Amino acid sequence: MNVRVKICGITRLEDALHAIAAGADALGFVFYEPSPRYITPQGAASIIKQLPPFVATTALFVNAEPALVNTVIDECKIDLLQFHGDEKAAFCEQFSRPYIKALRMKPGVEVDKVAKQYATARGLLLDAYKAGVPGGTGESFNWDMIPCSMRSSIILAGGLDDKNIREAITYVKPYAVDVSGGVEASKGIKSPDKLQRFFDEVACANNE
Ligand SMILES: O=C(O)c1ccccc1N[C@@H]1O[C@H](COP(=O)(O)O)[C@@H](O)[C@H]1O
């Protein structure tokens, strides 16, 4: 098993380089102003220009205007879009980049039904639900809510850290995992030690 890992909420080049050195397959940049991990398109573009090859870049939006999404695509040459709000499939599909759709796991949510609504998405990311907060809560959800038939194709997120990532991967066996708060020293600043511990645990899970 070789689960992919995305490190989200990058605000500094040094954090991006630490994440890549530790083993990140993808980096995420948050273009949602209320987030403590918010970065401007210019800030993200400056980091992305200095990255080594073969690392995917993802732009995260929450109910953004199309103009902002297009600005980020143009300025940052981003690889993938991540929609973390109430965007419908028709909205997500209108851009010149593939997208993943985040689904917050409220009790009663029908993951398979939502997956059909977003059939054009490259992937479905499952995150914890917390009223009034669109994501990046640092909270996890009950993984038993994920239908067994979908586990190998989803991106698992929500409150992952070096303490629970091994169990998360061995239990859910997701396609990929996405983490933000669990590898931070403080909001918006990644911790090299936490990143290393996180990837060490991922490696253990991959070898089980
Ligand atoms: O990171 C944020 O600040 C954020 C803001 C708004 C929507 C999503 C956000 N982050 C995403 O949330 C999940 C879980 O994050 P965490 O690991 O629990 O902190 C992850 O996909 C982030 O990309």
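Below, each stop gives you something to select and tells you what is there.

This is a predicted model, in which local features need pLDDT of at least 70 and side-chain atom pairs count only at pLDDT 80 or more, while totals for chains, interfaces and linings use all residues. Residues are numbered from 1 along each chain as its sequence is written, and side-chain values use heavy atoms, with hydrogens and water left out.

**Stop 1: the annotated domain**

Start by selecting residues 5-200, which UniProt lists, in an unreviewed entry, as "domain: N-(5'phosphoribosyl) anthranilate isomerase (PRAI)". UniProt positions are given here in the numbering of this model, feature names are shortened, and annotations may be inferred rather than shown by experiment. Over that range the chain is 29% helix and 22% strand, and the end C-alpha atoms sit 12 Å apart. Helices (H or I, at least four residues) and strands (E, at least two) are DSSP runs, numbered from the N terminus.

**Stop 2: the nonpolar cores**

Next, pick Ile7, Leu27, Phe29, Leu81, Leu156 and Phe198: of the 62 residues in the largest nonpolar core, these touch the most other members. A nonpolar core is a set of buried Ala, Val, Leu, Ile, Met, Phe, Trp, Tyr and Cys residues joined through side-chain atoms within 4.5 Å. Buried means under 20% relative accessible area, exposed over 50%, and partly exposed in between (1.4 Å probe, protein chains only). Helix H7 supplies the largest share of this core, five residues.

Zoom in on Phe198. Leaving aside neighbours within four places in sequence, its contacts (heavy atoms within 4.5 Å) include Val5, Leu160, Ile165 and Val183. Then look for a second, separate core of seven residues, with Leu80, Ile100, Ala102 and Leu125 among them.

**Stop 3: the aromatic rings**

Now show Phe31, Phe61, Phe83, Phe91, Phe95 and Tyr99, which form one aromatic cluster. Rings of Phe, Tyr and Trp (its six-membered ring) pair if their centres lie within 6.5 Å; planes under 30 degrees apart count as stacked, over 60 as edge-to-face and the rest as tilted. By this rule there are eight aromatic pairs. Phe31 and Phe61 are stacked, because their ring centres are 5.6 Å apart and their planes are at 25 degrees. That pair links distant parts of the chain, 30 residues apart: Phe31 is in the loop between strand S2 (26-30) and helix H2 (41-48), and Phe61 is in strand S3 (residues 56-61). Phe31 has 4% relative accessibility, so it counts as buried, and Phe61 is buried too, at 0%. Phe91 and Phe95 make an edge-to-face pair, 5.4 Å centre to centre with 70 degrees between the planes. Both of these residues are buried.

**Stop 4: around the ligand**

Which residues come nearest to the ligand? Of the 23 around it, they are Ser35, Gly136, Gly159, Asp178 and Gly181; a residue is near a molecule if one of its heavy atoms lies within 4 Å of it. Check the backbones: an N or O atom of Gly136 is 2.8 Å from a ligand oxygen. For Gly159 that distance is 2.9 Å, and for Gly181 it is 2.9 Å.

**Stop 5: two loop residues**

Select Asn164, in the loop between strand S7 (155-157) and helix H6 (165-172). Setting aside neighbours within four places in sequence, Asn164 is in contact with Trp143 and Gly159. Asn164 counts as buried because its relative accessibility is 15%.

Finish at Ser191, in the loop between strand S10 (189-190) and helix H7 (192-207). Ser191 is buried as well, at 10% relative accessibility. Not counting residues up to four places away in sequence, Ser191 touches Val183, Glu184 and Ala185.

Methods
Polar contact = N/O pair within 3.5 Å; in protein donor to acceptor, adjacent residues only side chain to side chain.
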